[in-house]
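Let us learn to read a few features, one at a time. Have the sequence and the 3D view ready.

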Amino acid sequence: MPTNVYTHGHHESVLRSHRWRTAENSAAYLLPVLSDDMNVLDVGAGPATISRDLAARVAHVTALEVTAEAVGVARDGLAGVGNAEVVLGDVHALPFPDDTFCVVHAHQVLQHVADPVLALREMHRVCKPGGYVAARDSDYAGFVWYPRVPELDDWMALYQRMARANGGEPDAGRRLLAWAREAGFTEVTATSSTWCFADDEDRAWWGGMWADRVRTSAMARQALDAGVPQEELDRLADGWRRWAADGDGWLSILHGEILARPTARPAVA
């Protein structure tokens with residue numbers, strides 16, 4: 001089975017970003033098709049803030065994570081939610097029977113997995129015919145910011161290198177439609193949306209978060225192991241802080257989205 005290496009890891013600076021995510025700011029394309037009688041699989045739930053929001057809209061949510069550490073983070077996020085559970089498993093080989101869920105959802109997952117087409121085939125397998133497979137991933141090459149801080153260009157190059165060394169695809173957003181078709185989906189709606197950080201509070205939060213991540217997260221440890229000096233990581237972090245302090249600073253983050261409808265599979269003779 002393909003091996004996942006999660007570039008970001010679960011450092012506090014990473015979870016700080018992930019806990020900001022809601023169904024409204026991260027899964028708006030999915031919300032119109034939800035109903036209160038559905039059961040949902042949330043693949044790669046992280047701290048489960050999106051899972052918690054989905055649980056308020058549907059009958060039951062199963063949050064899936066790939067390591068015991070991540071399962072613990074998700075369980076903490078779903079504490080007190082009676083119609084949700086957390087399961088350990090890998091999206092390349094989901095631990096569920098065929099046709100189990102009305103909706104199978106993955107947010108910022110396919111960019112990190114070793115085989116996104118296999119992952120989508122598994123998501124198709126466990127989704128009921130006529131249900132929905134939903135995926136949203138950022139597209140790092142589609143990030144746009146102002147002013148052009150040189151350190152942010154260098155950060156982008158480093159992140160792309162580290163993510164690809166882990167077998168990921170940081171520009172996943174633009175590939176979701178192609179991956180879904182390769183996985184066997186014939187009915188796919190592809191859209192895009194953005195996050196935008198442009199006021200003082202948003203810049204301070206996003207820039208400060210990435211300044212910490214570039215120095216202390218799993219990506220930072222990977223970069224150091226690859227021979228990147230700590231002084232270089234410090235320089236990139238300072239660039240994020242300088243961008244955040246600029247009153248004209250603006251950042252738009254592009255995401256690709258797919259909403260795919262699984263079809264019935266032929267009976268096995």
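A: Start with accessibility: buried means under 20% relative accessible area, exposed over 50%, and partly exposed in between (1.4 Å probe, protein chains only). This is a predicted model, where local features need pLDDT of at least 70 and side-chain atom pairs count only at pLDDT 80 or more, while totals for chains, interfaces and linings use all residues. Residues are numbered from 1 along each chain as its sequence is written, and side-chain values use heavy atoms, with hydrogens and water left out.

Q: Is Phe 197 buried or exposed?
A: Phe 197 has 2% relative accessibility, so it counts as buried.

Q: How do I read an aromatic pair, and how many are there?
A: Rings of Phe, Tyr and Trp (its six-membered ring) pair if their centres lie within 6.5 Å. Planes under 30 degrees apart count as stacked, over 60 as edge-to-face, and the rest as tilted. That rule gives 19 aromatic pairs here. One of them joins Phe 197 and Trp 205, with 6.1 Å centre to centre and 40° between the planes, a tilted pair. Trp 205 also pairs with Trp 206: the centres are 5.7 Å apart and the planes are at 50°, so this pair is tilted.

Q: Which of these Trp residues is buried, and which is partly exposed?
A: Trp 206 is buried, at 4% relative accessible area. Trp 205 is partly exposed, at 23%.

Q: What does it take for a charge to sit over a ring?
A: NZ of Lys or CZ of Arg must be within 6 Å of the ring centre and within 35 degrees of the ring normal. Arg 213 does this over Trp 210, with its charged end 4.1 Å from the ring centre. Arg 261 lies over the face of Tyr 132, at 3.9 Å from the ring centre. Trp 210 also belongs to an aromatic cluster, whose members include Tyr 140, Trp 155 and Trp 243.

Q: How are two packed helices described?
A: The angle between their axes and the distance between the axes describe them. Helices are DSSP runs (H or I, at least four residues), numbered from the N terminus. Axes are lines fitted to C-alpha atoms, for helices over the stretch in contact, and angles run from 0 to 180 degrees between N-to-C directions. Helix α6 (residues 150-165) and helix α9 (residues 218-225) have axes that come within 10 Å and cross at roughly 85°. So α6 is roughly perpendicular to α9 (65 to 115 degrees; under 35 is roughly parallel, over 145 roughly antiparallel, the rest oblique).

How values were computed
Helices (H or I, at least four residues) and strands (E, at least two) are DSSP runs, numbered from the N terminus.
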